[in-house]
Amino acid sequence: MNLDYIIPNEWSIIQEGFVKENVTASESIFSIGNGAMGQRANFEENYSGDTFQGSYIGGIYYPDKTRVGWWKNGYPEYFAKVLNAPNWIGINVNIKGIFLDLNKCKVSNYKRELNMKEGVLTRSFTAELQNGNQVKVNAVRFLSLDFDEIGAIKYDITSINFTGEIEFIPYVDAGIMNEDANYDEFFWEILQIEEEKNEAYILSKTLKTEFHVSTGMKISFALNDDKIILDSEVEKSEKKIAFKYKTEVKQGDTFTIIKYGGYTQSMNHAKEDLISSSKKTLQKVANIGFDDLLLKQKESWKKIWKTADIVIEGDIKAQQAIRFNIFQLNQTYLGEDSRLNIGPKGFTGEKYGGSTYWDTEAYCIPFYMSTKDKNVAKNLLLYRYNQLDKAIENAEKLGFKNGAALYPMVTMNGEECHNEWEITFEEIHRNGAMIYAIYNYVNYTGDNSYIPEFGMEVMIAVSRFWQQRATYSEPKEKYVILGVTGPNEYENNVNNNFYTNYLAKWCMEYTLENLNLLKEKYKDDFDRIIDKTKLNQLELDQWKTIAEKMHFPYSEKYNVYLQQDGFLDKELILVKELPKSERPINQKWSWDRILRSVNIKQADVLQGIYFFENRFKIDEITDHFNFYEPFTVHESSLSPCVHSILAAKIEKIDKAYEMYLRTARLDLDDYNSEVHEGLHITSMAGTWLSIVQGFGGMRNFDGVLSFAPQIPKEWKSYSFKINFRGTTLKVHKSHDGSKFTNESETPIEIMVHGKKVVVSSNECVAL
Ligand code: BGC
C-alpha cells in the first residue's frame, strides 16, 4: 500500500479523511511514546473494524516458549518478547443507546495530526450514528516527557443535532493479548483491582518474569468548559474496570472528559507501593492540569529539537520525513535508563520480538551521541556491559570456553532470543558491532576512561570468542571463519564472510592496542581486569597471529573483496535485470532461490567499508560500491542509509539522494507494505546518518571531526547540529556554500574538505 494520504507538512504528520483500510497503518505512523512507554495510535472509543491494539512499557517482557519446526541444540528455550500492556486510553461513548464506533457510523471531516514539534496527537471528526444523531469529536493525547509514567487525554464531544443522554465509559483493560504469542497465551496475571471516585487501578504481573505493573486512570469532566461532577456506576470484570457516567446534553453543548493514565512498574518502584505511587503521580498531574501539562510537554520537545532538528529547505516531503525519523527515535529512547534499549519497532509493534539488536550499536549510537549528552550513548554501551555475563553464558551454551562472549542476535535481558540456527548461531558479526560501538563512542566523545572502566572486559570476552571461532586452514595457511551469516541474511552458512572476518581481525587488534594503553596509563584498571579475566600472554599472542593471518577472499578481476568464498561462482544477475513483478524477492521467490542468488539483502562488504572507511582509498571505496550496489535489493530497512552515505562519499550525489528517499520515507510511504506491523525505528537513525554523514560528510576518525558537505539538487539548503565534546556546532549547506556556526563558548577545530578550519565561540564561518 502506498500511504499517499499522509499530507506533506514541515512539522506534522497529517491525515485527512477516514478510510477503514488505513486504520492499522495509521495506528503505526501516528504512534506516540516518551522513552519509558509508548502506544500505537489506537482510538479512544471502541473500534470494531481491523485494528492492532498496542501499548508497551520499556523493559517489560515475557519469555515465550520457543516454537520451531525442528529443534536444534543450542536454541534458546524462550524468546523474550516485548509485551503488550494494559490499555488505559479507552473511553467508550454511547449516544442514546448506540455506541460510537467509526466502523459502523458515517464519518466526515476526519483529521488526525501528529504534531512532532510539540509531541501531541490530535484527532477530530464528525460522526453520524445509526440513529441519526450527530456528534463532533476532538481528542488530544500525549505521553508526558516530564512525568514519564503518565499520559493525558482530552476528549471533547459536541452534540450537533440532538438533545439527550450521552454515556461515557472510560476504562482500564488489563486483558490485552500480545499479537505475537507463540502459543496464544495470555502473559499477565491480574492481582488486584482498586477503585475510588473517578480513579481506578489494576495491579497485574507478568507470568514468569514477575514484572509488576499498576495501570491507573483518573478522570474529570467539563461541560462547555465548566468543571462538573458526575456520579458513576462501576463495572468490574476479571481483567477490566470501567466507570459509567451519564449526562444530558443539549444541541451545541460540548462535553469534555479528561483522562490521565499510565503505568508505575516494579523496575522503578517497590511492588507493594505500585498502586499508591500510581495514585500519587496521577494526583500530581491532575493538580497541574491538562493545559499546563501540555505546555510543559511543548517545552520539553522544544529542548529536544534544539539540537536534534534538521532543517531542509525546498523539499517539504524530505523535511517532514527527517523530522518524523528524529521524532520517533526520541519517542523510543531518551537515554536516561541503561536498562532500556531501542527495539527495531520501538513501541509501535511486536515484530522482531525483543528489543535489542546490533542495530543499536551499528546505527543508533551515532545519532544519540551527536544529538544528546554523551551519557545517553554511554548508557547504551553500559546496557551491553551489564549483560556481559549472559553473553558469556550464551557462548558457553554453544561450546565456547574461557570467558568468550557471544552477544545475542536479539535480546531483552541479555539472553539470546533468536531461534533460527542460521542467525542465532551464525550471524556472529553482531559481536563485532559491540566493540565498534565502544571505539566509536570513545573516539567521538573523548571519554577515554570508558575502556578501562567498562569496555575492556567486553573487548576481551569478544576477542576470546573470535579466537575460538577462527580455524587455521592448512591449504590457505590463513585463519578462516567458517559457517557464518553476514549482514546479508539472504545467504547462510558461508565461509569467510569479508565483513565478519574484517571485524574479527579488527576487534582483536583493537583490544591488543588498548591493553597496551591500559598497561601504561591505567595500571590499576589493567591489573584488576587481568586478575578478573585471567587473561594470559598465550591468548594475546594467539590474537595477534590470527589477526595477522586472517583470510579475506579477493577478486583480482573486479578489484574487490568478495563477500565470501565462492561469491563469483554465482550467476551475476543485476537487480535492474529482475522483473518488477519478482520484487521484493523475499515475498516472490522461494527461500532456496534467494539463498543461491547473487542478490544482497543489505550492505555487507559495504557495511565493513563504511565502518572502516579511513582504511580504504577512495578508488577502492568506489570499486566496491560499483560492484556491490547493483546486486543489492535493499530489502532490509538498514540498507539504503549505508549506501546513501557511501554514494555521497564517492560523489554519486543522485544515487545518494535516491537512497536517502528510500530510507527517509520508508514508513511514511510504506515502501515495503508492512507499516501496519509497526515502524522501522532503528533504521530511522540511518536516515539521520544519511544526512549528517552522507550529505554533510561528517566523519570522526582518529578524534578529528571533519565535514565535506554536498547538497542534492532537489534541495535549497539543509542544516543540522551536532554536540561534539561540549561544543554545539551547526552546519548549514546551500548551493552557495557551507556555514559552520559554533554555538558554544569554546572554539572548535574541524576539517572541511580536507582543510583545517577553526570556528571560534559563537562565531559563524562561511566557506
Ligand atoms: C536485518 C538485520 C536487523 C534486523 C532488525 C533484519 O531484517 O537483516 O540486520 O538486525 O532486521 O532490524
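**View A. Aromatic pairs across the predicted model.** The structure holds 65 aromatic pairs. Rings of Phe, Tyr and Trp (its six-membered ring) pair if their centres lie within 6.5 Å; planes under 30 degrees apart count as stacked, over 60 as edge-to-face and the rest as tilted. One of these pairs is Y499 with F611, which is tilted, at 6.2 Å centre to centre and 45° between the planes. This pair links distant parts of the chain, 112 residues apart. Y499 sits in helix α11 (residues 498–521) and F611 in helix α16 (residues 605–611). Helices (H or I, at least four residues) and strands (E, at least two) are DSSP runs, numbered from the N terminus. Y499 and F611 are both buried. Buried means under 20% relative accessible area, exposed over 50%, partly exposed in between (1.4 Å probe, protein chains only).

This is a predicted model: local features need pLDDT of at least 70, side-chain atom pairs count only at pLDDT 80 or more, and totals for chains, interfaces and linings use all residues. Residues are numbered from 1 along each chain as its sequence is written, and side-chain values use heavy atoms, with hydrogens and water left out.

**View B. I691 and the W715–Y718 pair.** The ring centres of W715 and Y718 are 5.8 Å apart with planes at 75°, so the pair is edge-to-face. W715 and Y718 are both buried. I691 belongs to helix α20 (residues 681–695). I691 counts as buried because its relative accessibility is 0%. Beyond its neighbours within four places in sequence, I691 is in contact with I310, I312, I322, Y660, G696, W715, Y718 and F720. Contact means heavy atoms within 4.5 Å.

**View C. Charges over rings.** K259 lies over the face of Y171, at 5.6 Å from the ring centre. R593 lies over the face of W589, at 3.9 Å from the ring centre. A charge sits over a ring if NZ of Lys or CZ of Arg is within 6 Å of the ring centre and within 35 degrees of the ring normal.

View D. Helix α6 (residues 374–386) packs on helix α10 (residues 450–469) at an angle of about 45°, with axes 9 Å apart. That makes α6 oblique to α10. Axes are lines fitted to C-alpha atoms, for helices over the stretch in contact, and angles run from 0 to 180 degrees between N-to-C directions. Angles under 35 degrees count as roughly parallel, over 145 as roughly antiparallel, 65 to 115 as roughly perpendicular and the rest as oblique. K378, L381, L382 and Y385 in α6 meet Y450, E453, F454, E457 and V458 in α10. The axes of helix α9 (residues 430–445) and α10 come within 9 Å and cross at roughly 155°. α9 and α10 are therefore roughly antiparallel. Among the α9 residues that meet α10 are I435, I438 and Y441.

**View E. Backbone details in loops.** A cis peptide bond joins R583 and P584, with omega about -15°. P584 lies in the loop between β25 (560–561) and α14 (585–588). N496 has a positive phi near 60° and is not a glycine. N496 occupies the loop between β23 (478–480) and α11, and is buried at 0% relative accessible area. N559, also not a glycine, has a positive phi of about 55°. N559 is in the loop between β24 (554–555) and β25, and is partly exposed at 38%.
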